[in-house]
Amino acid sequence: MHTTPFAKGQSFVGTPATAPGPDGRQMLRDMAVIRRNPLQYLEQSWHRYGDVVQYPIPRPPSYLVNDPDGVRRVLVANGRNYGKSTIQYRSLSLVTGEGLLVADTDAWRRQRPLVQPAFHHETLEHIVGHVGVAVNRMLDTWDSRPDAQVVDMDSAMMHGALEVVGHALFGTDLSADAERLASATLSALDVVVARARVPITPPAWVPTPGNRKLTRSVRELDGAVVRMMRERSRRPDSAPQDMLDLLMASQDDHGSRLTPTEVRDQVVTFIVAGHETVASALTWAWGLLAAHPQAQERLQREADAVLGGRAPTFADIGRLPYARAVFDEALRLYPPAWLITRKSREPDELGGRQVPKGSLIILSPWLMHRHPDLWDRPEDFRPERFLTGEVDRTAFLPFGAGLRLCIGREFANVEGVLMLAAIASRYAVNFPARGGMPKAEPLVTVRPVGGMPLRLTRR
């Protein structure tokens with residue numbers, strides 16, 4: 001990796017250049033790549049200019065930071081200096097509202113303790129049964145078809161993860177709504193991606209094709225929330241509490257409660273974020289296992305030894321270290337949240353470079369997970385790296401880090417590990433003829449172009 005500095009004294013319309021990077025003409029020439037594949041452009045920038053790159057954008061001053069210490073400073077050591085008031089999160093809020101994922105510092109600080117009880121250890125134990133129900137439905141469907149069928153694992157994982165989220169977080173069976181909700185989620189996020197990739201977009205109320213698509217998708221998600229609320233009103237008081245109960249009943253130290261709109265925003269946030277991210281990681285995990293038969297065989301041996309053909313339990317999680325390593329390695333190579341953005345509240349120094357107040361800071365777990373100073377053979381699929389102690393966990397960022405560490409991290413880990421083990425105990429996967437690992441498309445999450453068609457063979 002080498003560094004190409006700006007010309008001495010160069011600045012962008014009053015914004016001084018404090019780090020190397022492309023000039024305006026270079027960036028204009030690269031605009032097609034930026035629009036088509038922004039992750040590819042960020043990777044090219046990193047390899048060309050180094051761990052801190054400044055782009056020729058005067059407002060706000062914009063930096064890509066892939067310096068390990070600089071990333072840790074933004075997320076952990078000086079995390080309070082960096083808020084979420086960025087185009088990425090403003091665009092996402094068109095779908096989720098001001099839910100926990102996109103809320104800026106003050107709103108997040110109020111919401112987090114109100115939502116946290118839904119992710120306590122006792123709640124995680126209930127996830128196991130919901131994973132079992134979702135997996136059994138999936139396996140029953142596959143069992144009813146001829147062996148060696150080709151299945152789009154991307155679609156299968158999306159539907160399964162949505163069912164788990166519906167049951168575990170909201171006590172609601174979303175299986176009947178799965179196809180419609182999954183489609184609505186992806187459609188809404190497509191619009192979010194399109195809006196985030198251009199500097200100027202029409203307001204959400206202007207009836208452009210994209211805005212009409214967004215309106216239809218959000219209406220579908222809102223309808224799911226309404227159905228949950230109606231079902232809740234008919235449920236007996238003796239039923240176990242879930243996240244929706246906690247959201248509706250929770251109050252802060254001053255006795256303040258979430259408003260109905262705030263409850264809606266949290267519910268939609270976890271429908272959107274709580275299923276697509278896990279599904280994305282599982283989809284890539286199956287593709288990686290199909291491409292690496294020895295790793296798949298090791299996963300199968302572990303699943304056979306631990307489960308012996310039965311459904312997994314919460315106690316099995318610690319007995320499935322290789323399944324966890326496979327899930328972690330899939331998250332490393334294909335982190336669903338490939339992009340993290342922050343806005344600096346005050347000036348700071350990152351990777352030896354000064355960044356002014358109000359700067360847009362671009363971080364990418366995809367790039368951090370490929371940094372040669374942090375990872376041995378970073379492009380290789382090697383789950384065992386997570387078993388040998390060689391991994392620096394502070395460089396592993398699929399769920400972020402610091403104060404804004406994803407609240408659903410353990411939920412995702414439990415779901416991912418159990419789904420991998422349960423399915424591996426029944427089916428083997430491989431690519432169909434002329435198939436192979438699909439290209440990765442950086443949308444809101446990293447998605448496989450054309451899905452993930454895999455041939456399933458009963459074991």
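How many residues does helix 7 have, and how far does helix 7 reach from its first C-alpha to its last? Select residues 121-143 of this predicted model: helix 7 has 23 residues and spans 34 Å between those end C-alphas, close to the 33 Å expected at 1.5 Å a residue.

Keep helix 7 up and colour its buried residues: Leu124, Ile127, Val128, Val131, Gly132, Ala134, Val135, Met138, Leu139 and Trp142. Now bring in what covers them, which includes strand 6 (149-152), helix 8 (153-170), helix 16, strand 11 (427-430) and strand 14 (453-458).

Next stop, the core. The largest nonpolar core holds 138 residues, and Trp142, Phe170 and Trp286 touch the most other members. Helix 12 gives the most to this core, with 16 residues.

Skipping its neighbours within four places in sequence, Trp286 is in contact with Met153, Met157, Met419, Leu420, Ile423, Ala424, Val429 and Leu454.

On the helix 12 side, show Val278, Leu282, Ala285, Trp286 and Leu289; facing them in helix 16 are Ala412, Glu415, Gly416, Met419, Leu420, Ile423 and Ala424. Colour that contact by residue class and you get 10 nonpolar, 1 polar and 1 charged.

Notes. Residues numbered from 1 in each chain as written. Predicted model: local features only at pLDDT ≥ 70, side-chain atom pairs only at ≥ 80, totals over all residues. Heavy atoms only, no water. Contact = heavy atoms within 4.5 Å. Helix = DSSP H or I, 4+ residues; strand = E, 2+ residues; numbered from the N terminus. Nonpolar A, V, L, I, M, F, W, Y, C, P; charged D, E, K, R; others polar. Expected span 1.5 Å × (residues − 1). Buried < 20%, exposed > 50% of the residue type's maximum accessible area, 1.4 Å probe, protein only. Core = buried A, V, L, I, M, F, W, Y, C linked by side-chain atoms within 4.5 Å.
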